[in-house]
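Subject: Structure for you to look at

Hello,

Here is the structure I said I would pass on. Please open it first, then read the notes below with it on screen.

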Amino acid sequence: MNLHAVNAIYRFEMARTRRTLLQSVVAPVISTSLYFVVFGAAIGSRIDQIDGVSYGAFIVPGLIMLSLLTQSISNAAFGIYFPKFTGTIYELLSAPVSMLEVVLGYVGAAASKALALGLIILGTATFFVDLHIQHPLVMLMFLVLTAVSFSLFGFIIGIWADNFEKLQMIPLLVVTPLVFLGGSFYSISMLSPTWQMVTLFNPVLYLVSGLRWSFYGQSDVNVWISVCIIFGFLAACMAVVGWIFKTGYHLRN
Amino acid sequence: MEKQQFEQKQEPIVSIKNLNKTYKGGFQALKNINLDIYPGEIIALLGPNGAGKTTLISTICGIAQATSGTITVGGKDIYKDFRTTRSLIGLVPQELTTDSFETPWVTVSFSRGLFGKAKDPAYIEKVLKDVSLWEKRDNMIRTLSGGMKRRLLIAKALSHEPRILFLDEPSAGVDVELRREMWQLVHRLRESGVTIILTTHYIEEAEEMADRIGVIANGELILVEDKKSLMQKLGKKQLLLELKQPLAALPDALKAFEIELKDDGYTLVYTFDTQAERTGITTVLDALREAHISFRDLSTTQSSLEDIFVRLVEEA
């Protein structure tokens, strides 16, 4: 394995975050803090506890998941799209690197950044609400699996996109609505039976629900279903990435 | 350096057999290319725009996939042993594709790592000094001039100490002074044993640097020849005779030869074939003496590579 290449890609991508600290870290933290202020303090104070958890604390897993998903996707998508856009992709394509090494470098960096941001947001949340994490290792597992699988998804978007509009389309028009409608800010038990059924088709529900279980030991759906869903999504993304490298889709002429 | 010398002494470092490349739209960019490139030589691929030069380089480097045929680099198949073959190759692309927001130091170090080499700050320093970018090592790439960016691409390609260097139109957008500096760098690389394959529009560049010339037109490699023998074989020489007294017209005694009268009758230009059994120079000079035409100076000129190239492409 070309570990020097993996290391080079990883460090190169992480260096980009250091250069754009305001955009990469400060902006998401501020926007998440605003969510806590608006939903947690202003509106949340008028909402009863949900399943014995204060509303401010209840939305913490959803807010972490919102940042984790959007950051994983955008970091990985931008990471591979930018060399395509500037033309520097020629170097990657002519280098002695395998599919696995390229993915480890780009997806590893994107997932690391998203994970770090998720943990920063978790730390930020403690300034606003009392948090008691019942299953910290499970929480970490969910965060890692989500960051990795959605970074893979972002990598696929970055390869598929041939303009900046496409790059932003899925995170903004698909993922963000799914997070908002996936029980991030409410329990699906608060919905009518029909909408509960509809929501069960939203994959993000299972991620938020699983993460919430790791915090409070309660969830909208069985935690094992959440685990299966995330592993299934991870496998699907890996299969697509494998196909991309095999066929050279949008990479090699 | 003669091609024959390479052939006798060494195995080709790049060997291309029956290579075809057809793009999805059906356009056939390469047609049955066969080419052996020998260690330590400089081979220039000449051809008009769209001839297939860049496609050929891209296919050897792994950027484009061949439709059929085989390519070996260092005796290894470029697909089965891609790690070995690609680590032997450095590529300088035609376009000035750089990471605008990085520094030369960072991007060259990145290239070295990408090609599987451990960090070596001393070597990166040497490469940046070789391309005269050491003073700019910490500047943002977007602040560099076009010529500097071109040299930076060369530094990136050399970062992993390749044995083969592909230069795709290295002089595009580079001024004359920088071009000459680049030629010197290429010569130094060749002296260190690096094999160099370059594509160019500048005939002067091929003439200056190459040991062998390949001409590509419409996806076909129509000729590969040692530069000197190519120019001898296809080149025509001219004998220029500067006369003491101008001639109003060509005397009858000289009409049998391929002679033109130029410069208001002051110069006779005799065109002859260097490959012919007899050049006819002695006969022409005898005829001049018999016609009592005296000259004060004589010189010879040879067809440039450009003349040869234009003729070959037109014929193709």
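Two residues are in contact if their C-beta atoms, placed from the backbone, lie within 7 Å. Keep in mind that this is a predicted model.

Helices of chain A

On the H7(A) side the residues are A:Val138, A:Met139, A:Phe142 and A:Thr146, and in H10(A) they meet A:Leu207, A:Gly210, A:Leu211, A:Ser214 and A:Phe215. Sorted by class, the residues of this contact are 6 nonpolar and 3 polar, with no charged ones. Helix H10 of chain A covers residues 203-216, and its axis comes within 8 Å of the axis of H7(A), with a crossing of roughly 155 degrees. Angles over 145 degrees count as roughly antiparallel, and H7(A) and H10(A) are therefore roughly antiparallel to each other. Their crossing is left-handed.

H7(A), residues 136-160, also meets helix H4 of chain A, residues 60-86. Here the axes come within 7 Å and cross at roughly 40 degrees. That makes H4(A) oblique to H7(A). The crossing of H4(A) and H7(A) is right-handed. Their contact involves 16 nonpolar and 8 polar residues, and no charged ones.

Is A:Pro177 buried or exposed? A:Pro177 is exposed, because 12 other C-beta atoms lie within 10 Å, and a residue counts as exposed if that number is 12 or fewer. A:Pro177 sits in helix H8 of chain A, residues 164-180. Between A:Pro177 and A:Leu205 there are 28 residues in sequence, counted as their separation, and 11 Å in space from C-alpha to C-alpha.

Chain B

Chain B has 316 residues, and 39% of them count as buried. Its secondary structure consists of 11 helices and 14 strands. Along the principal axes, the C-alpha trace of chain B spans about 75 × 45 × 40 Å. Take the contacts in chain B between residues at least 6 apart in sequence: 70% of these join residues at least 24 apart.

An open sheet in chain B is made of 4 strands in the order E2-E1-E4-E5, with antiparallel pairing. Strand E2 (28-37) and strand E5 (76-77) of chain B are at the edges; each has a single partner strand, so one side of each has no neighbour in the sheet. The partner of E5(B) is strand E4 of chain B, residues 68-73, which runs antiparallel to E5(B) and is joined to it by 2 bridges. Opposite B:Thr72 stands B:Asp77 in E5(B).

Further along chain B, strand E12 (residues 259-262) and strand E13 (residues 267-273) run antiparallel and are joined by 4 bridges. B:Leu261 stands opposite B:Leu268 in E13(B). E12(B) and E13(B) form a hairpin with 4 residues between the strands, and in it B:Asp263 takes a positive phi near 55 degrees.

Where the chains touch

How many residues of chain B are in contact with chain A? There are 26, and they contact 21 residues of chain A. On the chain B side, the elements that give two or more residues are helix H3 (82-87), strand E6 (89-92) and helix H4 (104-114) of chain B. By class, this side of chain B has 13 nonpolar, 8 polar and 5 charged residues.

Regards

Note on methods: Residues numbered from 1 in each chain as written. Chains lettered and ligands numbered in written order. Predicted model: local features only at pLDDT ≥ 70, side-chain atom pairs only at ≥ 80, totals over all residues. Axes fitted to C-alpha atoms, helices over the stretch in contact; angles between N-to-C directions. Parallel < 35°, antiparallel > 145°, perpendicular 65-115°, else oblique. Left-handed = near helix turned anticlockwise from the far one by under 90°. Nonpolar A, V, L, I, M, F, W, Y, C, P; charged D, E, K, R; others polar. Pairing = 2+ DSSP bridges. Buried ≥ 20, exposed ≤ 12 C-beta atoms within 10 Å, placed from the backbone.
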